[in-house]
Amino acid sequence: MKIATDQPYIFRLSSLGVEAQRRGRGVAFAREVSHLLFGGTKDWDKGNHLADAAARAGLDLAQMKAALTGGDHLEALDANQSALEAAGHWGVPTFVYGGAPFFGQDRIALLRWQLDRDGIPRR
């Protein structure tokens, strides 16, 4: 249950994700960054790739980075991890709604169905 040492960007990216969520753009930011990471963008961590991804999500990367200084982003990540474990899971993607865990990419559609059923609007 430890983060591998060959994951040098995990804390920075995760903290930026917390900040994006606090700005109301967490899902959009996660989508754009995941496309960089898993979509084959060469040297995604260099140049303007991350700033451009943030901009596509409606965010300013420089402002987000400034907010990380002295922030409680890592504490928020720890709290999220504790909540994940309390829900009985350890991996991603895991969503908990109404006390029920939805684990794995193949459960996202089921979660969306439940949210639609409960009248939770799409953004």
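This is a predicted model: local features need pLDDT of at least 70, side-chain atom pairs count only at pLDDT 80 or more; totals for chains, interfaces and linings use all residues.
**Exercise 1. The hairpin**

Task: Find which strands form a hairpin and how many residues lie between them.

Solution: 
1. β1 and β2 form the hairpin, with two residues between them. Strands here are DSSP runs of E with at least two residues, helices are runs of H or I with at least four, and both are numbered from the N terminus.
2. Look at the turn. Gly98 sits there with a positive phi of about 60 degrees.
3. Next, the pairing. β1 covers residues 94–97 and β2 covers residues 100–103. The two run antiparallel, joined by four bridges. Strands pair if DSSP finds at least two bridges between them.

Residues are numbered from 1 along each chain as its sequence is written, and side-chain values use heavy atoms, with hydrogens and water left out.

**Exercise 2. The aromatic pair**

Task: The structure holds one aromatic pair. State why the rings of Tyr9 and Trp44 are classed as they are.

Solution: 
1. Take the two quantities. A pair of aromatic rings is described by the distance of the centres and the angle of the planes.
2. Apply the rule. Rings of Phe, Tyr and Trp (its six-membered ring) pair if their centres lie within 6.5 Å; planes under 30 degrees apart are stacked, over 60 edge-to-face, and the rest tilted.
3. Read the values. The centres of Tyr9 and Trp44 are 5.0 Å apart and the planes stand at 70 degrees, so the pair is edge-to-face.
4. Tyr9 lies in the segment before α1 (10–22), and Trp44 in the loop between α2 (26–38) and α3 (49–56). They are 35 residues apart, so the pair links distant parts of the chain.
5. Compare accessibility. Buried means under 20% relative accessible area, exposed over 50%, and partly exposed in between (1.4 Å probe, protein chains only). Trp44, at 13%, is buried. Tyr9, at 30%, is partly exposed.

**Exercise 3. Salt bridges**

Task: Give the number of salt bridges in the whole structure, then trace those of Asp116 with Arg112 and Arg122.

Solution: 
1. The search finds seven. The criterion is a side-chain nitrogen of Lys or Arg within 4 Å of a carboxyl oxygen of Asp or Glu.
2. Start with Arg112. Its side chain meets that of Asp116 at 2.9 Å, N to O. Both residues lie in helix α6 (residues 108–117), four residues apart, about one turn of the helix.
3. Asp116 is partly exposed at 37%, while Arg122 is exposed at 57%.
4. Turn to a network. Salt bridges that share partners join Arg31, Glu32 and Arg56.
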